[in-house]
Amino acid sequence: MTYKTTSVSIIYINEDMINQRIDNFLQKKFKNVPKSAIYRIIRTGNIRINKKRIKPHYKLKIGDTLRIPPIKIICKEKNNILTTKYEKNLLNNILYEDNHLLIINKPSGIAVHGGSGINLGVIEYFRKIRPLEKFLELVHRIDRDTSGVLMLAKKRKSLISLHKQMREKKVQKKYIALVHGLWPLSLKKISEPLLKIHLKNKQKKISINKDGKPSETCFRIKKRYSLTTLISITPKTGRTHQIRVHTLYAGHPILFDKRYGKRDLDSNIKNKTKINRLLLHATSINFSHPENGKKMHIVAPLDINFKNYLNTLV
């Protein structure tokens, strides 16, 4: 068992933190610290609010200044290795951050949240990286194998505001994908309902079905290669796996899509390249800032593997 010691922290209590007992607040922040240790540092006066000692039952108030001394935390070796593996990658992929939002360029292969056999996703990693953030939630999701723009909210008000914008279709997301074959010049929109089917292995698969939910995706050709086409995609609805299913429906599945792709087509290409990730990337997102209403346009550059692969095409 290994330990690490945190540095001194100063937290300014905001409306997302108020009315919590200080002992409960600290236990949530430091889950690997024994309760007895939490009560000891409160009792000895090392925890200060507004430069004063407090009791364990003290309830946080807006405007309070909380000082937390260095605390020794137990590190589970397995989790520590996992966190270290992705921590630098995620931190290096932050596109924008302020007191309300954290926006990253999510790498392909990392799920946005744990579940379905995955212990940790982006949200769990960031909660480990930023243990003093009181509120940190996903604004939306993208598939595990898709790379690109992903927004996290750092305040409940921000999350509510952005969800409202999404419901009112005021958030615009753009993607690019490399698909098999030559995409037809005339195919600019697919409007086919999508139905979610739950499989026995707890996974889900989406299919075109008249009983499904209305779905619409717009397409624009960016570049045609000899055997593939690079397309720009604007989903008008946000259904699960929408882009992947609509491109399959068009007869032009995305390269290296293990669930909705064509293995025979992929196998012809895999022999020529080392890349083996879904070639779908969320390139940008437009929205209004939840605090000041400023129009935001966030762009996520292609990762080096995707970019290098495109450079090999003719």
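The residues that line the largest cavity are His-140, Ile-142, Val-149, Lys-173, Tyr-175, Ala-282, Ser-284 and Ile-285. Keep in mind that this is a predicted model. The volume of this largest cavity comes to about 30 Å³, and a search of the whole structure turns up one cavity of 30 Å³ or more.

What is the lining made of, by class? Five of its residues are nonpolar, two are polar and one is charged.

Now, where does the lining come from? Strand 11, residues 172–180, and strand 17, residues 280–288, supply at least two residues each. Strand 17 gives the most, with three residues. On the level of domains, domain 2 (83–160) and domain 3 (171–312) both contribute to the lining, so the largest cavity lies between them. As for the method, rolling a probe the size of a water molecule over the atoms shows where empty space is left.

My second topic is helix 8, which covers residues 304–312. Which of its residues are buried? They are Phe-306, Tyr-309 and Leu-310. If you look down the axis of helix 8, its buried residues fall within an arc of 100°, so they line one face of the helix. The other side of helix 8 has Ile-304, Asn-311 and Thr-312, which are exposed.

To recap: the largest cavity lies between domain 2 and domain 3, because both give residues to its lining, and helix 8 has its buried residues along one face.

Terms used. Residues are numbered from 1 along each chain as its sequence is written. This is a predicted model: local features need pLDDT of at least 70, side-chain atom pairs count only at pLDDT 80 or more; totals for chains, interfaces and linings use all residues. Side-chain values use heavy atoms; hydrogens and water are left out. Buried means under 20% relative accessible area, exposed over 50%, partly exposed in between (1.4 Å probe, protein chains only). Helices (H or I, at least four residues) and strands (E, at least two) are DSSP runs, numbered from the N terminus. The arc is that of the directions from the helix axis to the C-beta atoms. On a 1 Å grid over the protein atoms alone, a cavity is a set of points where a 1.4 Å probe fits but cannot get out, and a pocket is an open set with protein on both sides within 12 Å along at least five of seven lines; lining residues have an atom within 4 Å of a point. Grid points are joined across faces, edges and corners, and a volume is the space filled by probe spheres set on the points. Ala, Val, Leu, Ile, Met, Phe, Trp, Tyr, Cys and Pro count as nonpolar, Asp, Glu, Lys and Arg as charged, and the others, Gly among them, as polar. Domain bounds come from an automatic or database domain assignment.
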